[in-house]
Amino acid sequence: MESRKILAVDDDPEIREVLRLLLTGEGYQVVEAENGDAALKLLDNSIDLVILDVMMPGTSGYAACAEIRKQSAVPVLFLTAKSQDSDKSMGFTVGGDDYLVKPFSYSELISRVKAMLRRYCVYGAKAPEQNSRIRCCGNIEIDPDQCMVWQNGQEVALTRTEYSILYLMASHPKKIFTVQNIYESVWEEPYLYTSNNTVMVHIGNLRRKLGDDTQNNQIIQTVWGKGYRIG
């Protein structure tokens, strides 16, 4: 099996060493960067996952993630000491896919890395799928082969997680998805109450990018007291 390549970005050399030892021990290739600017220079199509610190000199992790999203759908895992809900919301808003707070459990880090790589490389943007295109709400078209979305013929730039949520719901247009359904299907982790905000931020970003009508929710409808569905 091809060895996956991970870009580890942290200004603390000890953290980078821990990440390198853990990840190479699992068979991954690891490329290191000491700040956001260096990470952006190293980013190319060979990178399968970015592990990104937030508080770094120069370009912060949030700013670096926003720049990454301009050129790549590669999954981004924020690894940081900032643990407030507002910090997590900011991470998701700029395009992050997951968020792990320092100090972190080594086993949890590896579990999340494996899950993110599986979604991206096996089922996601790097996976050669054979499904036909899916249409929803008339003007939205999803191509699972390329993990791309068009609206009225114009490509919509989505993050890996936003795409996964839309694809999940569009694949079952009559189903009402609870927040727990969405979280466990997309993140492939057990649902916790604190996961609510994570899902809601991503759905909010998805609606914004699709130009969704917040009054009528014509694309992603809120079914009050139950969850969400494609309109």
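Q: By class, how many nonpolar, polar and charged residues are in the lining of the largest pocket?
A: This is a predicted model. In the lining of its largest pocket, 15 residues are nonpolar, 7 are polar and 9 are charged.

Q: What volume does the largest pocket have?
A: About 580 Å³.

Q: Which residues lie nearest its centre?
A: R69, Q71, S72, A73 and L158. They belong to a lining of 31 residues.

Q: Which helices and strands each supply at least two residues of that lining?
A: The helices are α3 (61-69), α4 (85-93), α6 (160-170) and α8 (195-209). The strands are β8 (148-151) and β9 (154-156).

Q: Where does the largest share come from?
A: From α6, with 3 residues.

Q: Let's stay on α6. Is it mostly covered or mostly open?
A: Mostly covered. Of the 11 residues in α6, 10 are buried.

Q: Which ones are buried?
A: R160, T161, E162, Y163, S164, I165 and L166 are buried.

Q: New topic. How much space lies in the second largest pocket?
A: About 390 Å³.

Q: And what lines the second largest pocket?
A: Its lining has 20 residues. K88, Y183, T194, S195 and T198 lie nearest the centre. By class, 9 lining residues are nonpolar, 5 are polar and 6 are charged.

Q: Which elements each give that lining at least two residues?
A: α4, β5 (98-101), α5 (106-122) and α8.

Definitions and conventions: Residues are numbered from 1 along each chain as its sequence is written. This is a predicted model: local features need pLDDT of at least 70, side-chain atom pairs count only at pLDDT 80 or more; totals for chains, interfaces and linings use all residues. Side-chain values use heavy atoms; hydrogens and water are left out. On a 1 Å grid over the protein atoms alone, a cavity is a set of points where a 1.4 Å probe fits but cannot get out, and a pocket is an open set with protein on both sides within 12 Å along at least five of seven lines; lining residues have an atom within 4 Å of a point. Grid points are joined across faces, edges and corners, and a volume is the space filled by probe spheres set on the points. Helices (H or I, at least four residues) and strands (E, at least two) are DSSP runs, numbered from the N terminus. Ala, Val, Leu, Ile, Met, Phe, Trp, Tyr, Cys and Pro count as nonpolar, Asp, Glu, Lys and Arg as charged, and the others, Gly among them, as polar. Buried means under 20% relative accessible area, exposed over 50%, partly exposed in between (1.4 Å probe, protein chains only).
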